[in-house]
Amino acid sequence: MKTLEDQLSQYAAYHRDRRNILTHFVGIPMIVLAVVVLLARPAFELAGFPVSAATLAVIAATLYYLRLDLRFGLTMGVLLVACLAVAHATAVLSTGNWAFVGVGLFVLGWVIQFIGHIFEGRKPAFVDDIMGLVIGPLFVVAELAFLMGLRREVEAVIESRAGPVHAGRALAK
């Protein structure tokens, strides 16, 4: 299994333009929430808690993130459980409203992502490695941690492998 630094460095190589990273701060959370919302139906209760495909996906993803790194894994777990709570609250809406929320977030999130990759001038990471779909949310959390001055040792490894983040260049006309 690749290490945290391996996964984040590979993903980061596709994300060195600050504008692209900023679009990921918006688009990826929207996509993650959308996927969890769309997986929240159908559900059944077990010991008073709703259980759905979303529940299983959140558990599996959290376990994977924990295996990569305890601190980032705990953070991801908390965020995914929050998404799960929103998703199960959304799942009780009418089918039309539930689908509108899920599909709407999904489509808008991907539009934002693709705009970011226009700035980057490079295709999304998942095109070359499907694991990019799982690492993307972790990348956003890591980038936020770096902006807060946390996990500098991880940031240093990523920058040594993928290069520094740059402000971006003017788009070609």
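The lining of the largest cavity divides into six nonpolar, three polar and two charged residues, where Ala, Val, Leu, Ile, Met, Phe, Trp, Tyr, Cys and Pro count as nonpolar, Asp, Glu, Lys and Arg as charged, and the others, Gly among them, as polar. The model is predicted, so to speak of local features a pLDDT of at least 70 is needed and side-chain atom pairs count only at pLDDT 80 or more, while totals for chains, interfaces and linings use all residues. Residues are numbered from 1 along each chain as its sequence is written, and side-chain values use heavy atoms, with hydrogens and water left out.

**Exercise 1: the cavity**

Find which residues line the largest cavity, and which element supplies the largest share.

Step 1. Searching the whole structure gives one cavity of 30 Å³ or more. On a 1 Å grid over the protein atoms alone, a cavity is a set of points where a 1.4 Å probe fits but cannot get out; a pocket is an open set with protein on both sides within 12 Å along at least five of seven lines, and lining residues have an atom within 4 Å of a point.

Step 2. The volume of the largest cavity is about 70 Å³, a volume being the space filled by probe spheres set on the points, with grid points joined across faces, edges and corners.

Step 3. Its lining consists of Gln7, Gln10, Tyr11, Tyr14, Ala125, Phe126, Asp128, Asp129, Met131, Gly132 and Ile135.

Step 4. The largest share, three residues, is that of α1.

**Exercise 2: the partners of α2**

Describe how α2 packs against α5 and against α4.

Step 1. Helix α2 (residues 18–39) and helix α5 (residues 95–120) have axes 7 Å apart, at an angle of about 155°. Axes are lines fitted to C-alpha atoms, for helices over the stretch in contact, and angles run from 0 to 180 degrees between N-to-C directions.

Step 2. The pair is therefore roughly antiparallel: angles under 35 degrees count as roughly parallel, over 145 as roughly antiparallel, 65 to 115 as roughly perpendicular and the rest as oblique.

Step 3. The α2 and α5 crossing is left-handed, meaning that the near helix is turned anticlockwise from the far one by less than a right angle (clockwise for right-handed). Residues of this contact comprise 18 nonpolar, nine polar and two charged.

Step 4. For α2 and α4, the axes come within 8 Å and cross at roughly 50°, so the two helices are oblique to each other. This crossing is right-handed.

Step 5. Val32, Leu33, Val36 and Val37 of α2 meet Leu80, Cys83, Leu84, Val86, Ala87 and Thr90 of α4, where contact means heavy atoms within 4.5 Å. The α2 and α4 contact counts nine nonpolar, one polar and no charged residues.

**Exercise 3: backbone exceptions**

Locate the cis peptide bond and the residue other than glycine with a positive phi.

Step 1. Recall that most residues other than glycine have a negative phi, and most peptide bonds are trans.

Step 2. The bond from Arg41 to Pro42 is cis, with omega near -10°. Pro42 sits in the loop between α2 and β1 (43–46).

Step 3. Ala47 has a positive phi, near 55°, and belongs to the loop between β1 and β2 (49–52).

Key
Helices (H or I, at least four residues) and strands (E, at least two) are DSSP runs, numbered from the N terminus.
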